[in-house]
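User: I am new to this structure and would like to learn how to read it. Could you take me through it step by step?

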Amino acid sequence: MTELLDPKNDYVFKRIFGSEENKDVLLAFLNHTFKNAGESLLTDIVLINPYLDKDTPRDKQSILDIRAKTDQGELINVEMQLFNQYDLEKRTLFYWGKQYSGQLLEGQRYSQLKKCVAINIVNFKMLANDQYHNVFHLREDHTNIPLTDVIEIHFMEIPKLNDENIQMKNGLVRWLLFLKGMTRSSWEALLMHEPEPALKKAMSVLEFLSQDEQARQQYIDRQKFLWDEVSMIEGAREEGLKKGMEEGIQKGIEEGIKEGIKEGEAESKRKIAMNMLNLGLDHATIIKATGLISSELEELQKEKE
């Protein structure tokens, strides 16, 4: 039986949630997100950048986020991030600002600006708490009164879903478990808690894509592109460490820099190995590529799980 593709791959994610024929899937996911945040539910959405066959994950400029508009004119942007490329908070605010300001045409009034919602689903831990779903607004520090309701930013950290906080009656949890990756045999157990047609449809779409040769090749191309991008970032980081060591030697603090570089390289190897685990590579390949020993890799595997 064909192995299921990873729905966290942003290409696969957009095929499932960002196409016109699957708009009901996105609407269901968004309503569980807003319900979990205590927000009003949506009645309908319009996809601004639906998935098209011409979209290619091999193109660096591919737009693999999902943009939608509510029937009230509010804008929603949904992104899936497999790897931590750092500064995601600033990147989110930057693109939120572009989306918010981009609503106005010349001569229009500020009162015409609508609420913009950014939803980031990430495959790594980034915030210093145990909540898998964090929602941010703009409020006064002491009294908690809102300055405005036009900004709303969600971060959903999939690795924070664990046995302690998994509540199968929570609709958002069921969707995030689907994204986390499940076997076919687990699907029935998931839907037993509360049958949900949209989630069942998402599972069917994933199964179809997993069996489609062209979709599988697009998936592989996207995974390779993402991995190459992460490797470039890590390579630049190691190069920076090397340069720092050389400068440190010139300043007469060679021993301190060497120790710092050693620690930095070890951390870099761990991050690369974790990314390779996320891509589903086998342990032997990861050990050969990173130089980690088996016990170190097993430790990372436990962290991932």
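This is a predicted model: local features need pLDDT of at least 70, side-chain atom pairs count only at pLDDT 80 or more; totals for chains, interfaces and linings use all residues.

User: Now the strands. What is the order of the strands in the sheet?

Analyst: The general idea is that strands of a sheet pair through backbone hydrogen bonds, either parallel or antiparallel. Here six strands form an open sheet in the order β1-β2-β3-β4-β6-β5, and the pairing is mixed. From one strand to the next, the twist averages 20 degrees.

User: Which strands stand at the edges?

Analyst: Those are β1 (45-47) and β5 (133-139). Each has a single partner strand, so one side of each is left without a neighbour in the sheet.

User: In which sense do β4 and β6 pair?

Analyst: Strand β4 (residues 116-122) pairs with strand β6 (residues 146-157) in the parallel sense, over seven bridges.

User: Which strands does α2 touch?

Analyst: Helix α2 packs on the sheet and touches β1, β2 (66-70), β3 (75-81), β4, β5 and β6. The direction of α2 makes about 125 degrees with that of β1. Helix α3 (residues 88-101) lies across β3, β4 and β6, and runs at about 135 degrees to β6.

User: How should I read two helices that pack on each other?

Analyst: Two packed helices are described by the angle between their axes and the distance between the axes. Take helix α5 (residues 184-193) and helix α6 (residues 197-211): their angle is about 170 degrees, with the axes 11 Å apart. That makes α5 roughly antiparallel to α6. The contact is made by Arg184, Trp187, Leu190 and Leu191 on the α5 side, and by Leu199, Lys200, Met203, Leu206, Glu207 and Gln211 on the α6 side.

User: And at what angle do α1 and α4 pack?

Analyst: For α1 and helix α4 (residues 171-180) the angle is about 135 degrees, and the axes are 12 Å apart. The two helices are therefore oblique to each other. Phe13, Ile16 and Phe17 of α1 make the contact with Trp175, Phe178 and Leu179 of α4.

User: Several of those residues have rings. How many aromatic pairs are there in the whole structure?

Analyst: A pair of aromatic rings is described by the distance of the centres and the angle of the planes. A search of the whole structure finds nine aromatic pairs. One of them is formed by Phe17 and Phe29: the centres are 5.5 Å apart and the planes are at 65 degrees, an edge-to-face pair. This pair links distant parts of the chain, since Phe17 is in helix α1 (residues 10-17) and Phe29 in helix α2 (residues 23-36), twelve residues apart.

User: Are Phe17 and Phe29 buried or exposed?

Analyst: Phe17 is buried, with a relative accessible area of 0%, and Phe29 is buried too, at 1%. Another edge-to-face pair joins Phe94 and Tyr95, at 5.2 Å centre to centre and 80 degrees between the planes. In that pair, Tyr95 is partly exposed, with a relative accessible area of 41%. Ring pairs also link Phe13, Phe17, Phe29, Trp175 and Phe178 into a cluster.

User: Which residues touch the most other members of the largest nonpolar core?

Analyst: They are Ile16, Phe17, Leu30 and Ile121, in a core of 51 residues. Apart from that core lies another, of 15 residues, among them Leu75, Leu88, Ala118 and Phe155.

User: Let's finish with single residues. Where is Gln99, and what does Gln99 touch?

Analyst: Gln99 is in helix α3 and is buried, with a relative accessible area of 16%. Not counting residues up to four places away in sequence, Gln99 touches Leu75, Ile76, Asn77, Cys116 and Val117. Compare Leu281, in the loop between α8 (254-278) and α9 (283-290). Leu281 is partly exposed, with a relative accessible area of 34%.

How values were computed
Residues are numbered from 1 along each chain as its sequence is written. Side-chain values use heavy atoms; hydrogens and water are left out. Rings of Phe, Tyr and Trp (its six-membered ring) pair if their centres lie within 6.5 Å; planes under 30 degrees apart count as stacked, over 60 as edge-to-face and the rest as tilted. Helices (H or I, at least four residues) and strands (E, at least two) are DSSP runs, numbered from the N terminus. Buried means under 20% relative accessible area, exposed over 50%, partly exposed in between (1.4 Å probe, protein chains only). Two strands pair if DSSP finds at least two bridges between them. Axes are lines fitted to C-alpha atoms, for helices over the stretch in contact, and angles run from 0 to 180 degrees between N-to-C directions. Contact means heavy atoms within 4.5 Å. A nonpolar core is a set of buried Ala, Val, Leu, Ile, Met, Phe, Trp, Tyr and Cys residues joined through side-chain atoms within 4.5 Å. Angles under 35 degrees count as roughly parallel, over 145 as roughly antiparallel, 65 to 115 as roughly perpendicular and the rest as oblique.
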